[in-house]
Amino acid sequence: MRTVLVLALGLLAGAPALAQLKKTLHQTFEVPDSTAFLVFGLFEGDSYTIQPWAGNNIMTESQVSVYSSTQPVFDHLVENGRYRFEAREGRDTFGLFSHDLKRLAIRAAGMQAFEEVEVRIFIPDSFRKIGDRVYSRPKPEAAEVAVGKAPPVRKKLARESGEVSQELKESLQAAPDSLEIEPAPLPPADTTNAGEPAKKERRKRGG
């Protein structure tokens with residue numbers, strides 16, 4: 001019996017250690033100010049939750065659990081981007097996609113391993129859901145006048161006020177009530193031959 005027990009322990013020591021391995025992964029992505037739409041392309045085998053938050057960026061938090069695997073295999077999966085996300089930017093669209101959309105099965109020490117991935121994606125709270133994994137941000141509107149308050153009144157210019165300056169009033173008071181027009185002087189008459197007709201008449205009469 002003692003010989004059998006020692007042999008069994010030796011076999012266990014030589015076999016790779018299979019265990020449940022866990023890790024939490026974080027990534028942060030900057031969202032451009034020009035972004036009006038967020039689009040997500042995610043691996044269907046994972047569990048996702050999209051939550052709004054007060055930040056201006058997108059942050060992903062992935063809780064990864066792998067069962068019946070070894071540490072070297074698990075580290076290899078993480079380092080090769082199996083659970084990583086990638087950003088793709090358009091003119092007014094920001095997309096977040098799983099790096100590995102077609103994952104191969106995991107085997108460790110000749111055994112099938114299993115994985116569970118739960119992801120929380122935090123997006124700016126200015127975005128609203130409009131479709132399946134599609135979010136939009138409304139365009140900023142022009143500032144509106146507060147309710148109950150009149151719009152600001154523009155100060156009138158001097159020419160718009162309707163008020164007459166004191167200097168203009170005094171000039172109007174000094175002016176006469178009526179305007180007299182004098183006839184233009186006639187040019188002097190030509191008296192060179194003015195007496196000729198009278199002299200001829202006196203000659204006819206014998207004067």
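This is a predicted model: local features need pLDDT of at least 70, side-chain atom pairs count only at pLDDT 80 or more; totals for chains, interfaces and linings use all residues.
Reader: In which order do the strands of the open sheet stand, and why are β5 and β9 called edges?

Author: The order of the 5 strands in this open sheet is β5-β6-β2-β10-β9, with mixed pairing. β5 (85-89) and β9 (128-131) each have a single partner strand, so one side of each is left without a neighbour in the sheet, and they stand at the edges. From one strand to the next the twist averages 25 degrees, with axes taken as lines fitted to C-alpha atoms (for helices over the stretch in contact) and angles running from 0 to 180 degrees between N-to-C directions.

Reader: Which strands pair with β8, and in which sense?

Author: Strand β3 (residues 47-53) pairs with β8 in the parallel sense over 7 bridges, and in that pair Ile50 stands opposite Ile121. β4 is joined to β8 by 9 bridges and runs antiparallel to it, with Val64 having Val117 as its bridge partner in β8. β7 also pairs with β8 in the antiparallel sense, over 3 bridges, and there Arg107 stands opposite Gln112.

Reader: What lies between β7 and β8?

Author: β7 and β8 form a hairpin with 2 residues between them, and Ala109 in the turn has a positive phi of about 55 degrees, although Ala109 is not a glycine. Ser68, in strand β4 (residues 57-69), likewise is not a glycine and has a positive phi of about 60 degrees.

Reader: Why are Ser68 and Ala109 called partly exposed?

Author: Buried means under 20% relative accessible area, exposed over 50%, and partly exposed in between (1.4 Å probe, protein chains only). Ser68 has 27% and Ala109 has 49%, so both values fall in between and both residues count as partly exposed.

Reader: How do you know that Val117 and Ser62 are buried?

Author: Val117, in strand β8 (residues 111-124), has a relative accessible area of 6%, and Ser62, in strand β4, has 2%; each value is under 20%, so both are buried. Of the 207 residues of the chain, 23% count as buried.

Reader: Which residues is Val117 in contact with, leaving aside neighbours within four places in sequence?

Author: Contact means heavy atoms within 4.5 Å, and with those neighbours left aside Val117 is in contact with Asp46, Ser47, Gln63, Val64, Tyr83 and Arg103. Val117 and Gln63 are 54 residues apart in sequence, yet 5.6 Å apart in space, C-alpha to C-alpha. On the same exclusion, the contacts of Ser62 include Tyr83, Phe85, Glu118 and Val119. For the chain, among contacts between residues at least 6 apart in sequence, 78% join residues at least 24 apart.

Reader: What makes a space in this model a cavity, and how many are there of 30 Å³ or more?

Author: On a 1 Å grid over the protein atoms alone, a cavity is a set of points where a 1.4 Å probe fits but cannot get out, and lining residues have an atom within 4 Å of a point. Grid points are joined across faces, edges and corners, and a volume is the space filled by probe spheres set on the points. By this rule the count is 1 cavity of 30 Å³ or more, and the largest cavity has a volume of about 30 Å³. Its lining includes Ser62, Tyr83, Phe85, Arg103 and Val117.

Reader: How do the residues of that lining divide?

Author: They divide into 5 nonpolar, 2 polar and 3 charged, where Ala, Val, Leu, Ile, Met, Phe, Trp, Tyr, Cys and Pro count as nonpolar, Asp, Glu, Lys and Arg as charged, and the others, Gly among them, as polar.

Conventions:
Residues are numbered from 1 along each chain as its sequence is written. Side-chain values use heavy atoms; hydrogens and water are left out. Two strands pair if DSSP finds at least two bridges between them. Helices (H or I, at least four residues) and strands (E, at least two) are DSSP runs, numbered from the N terminus. On a 1 Å grid over the protein atoms alone, a cavity is a set of points where a 1.4 Å probe fits but cannot get out, and a pocket is an open set with protein on both sides within 12 Å along at least five of seven lines; lining residues have an atom within 4 Å of a point.
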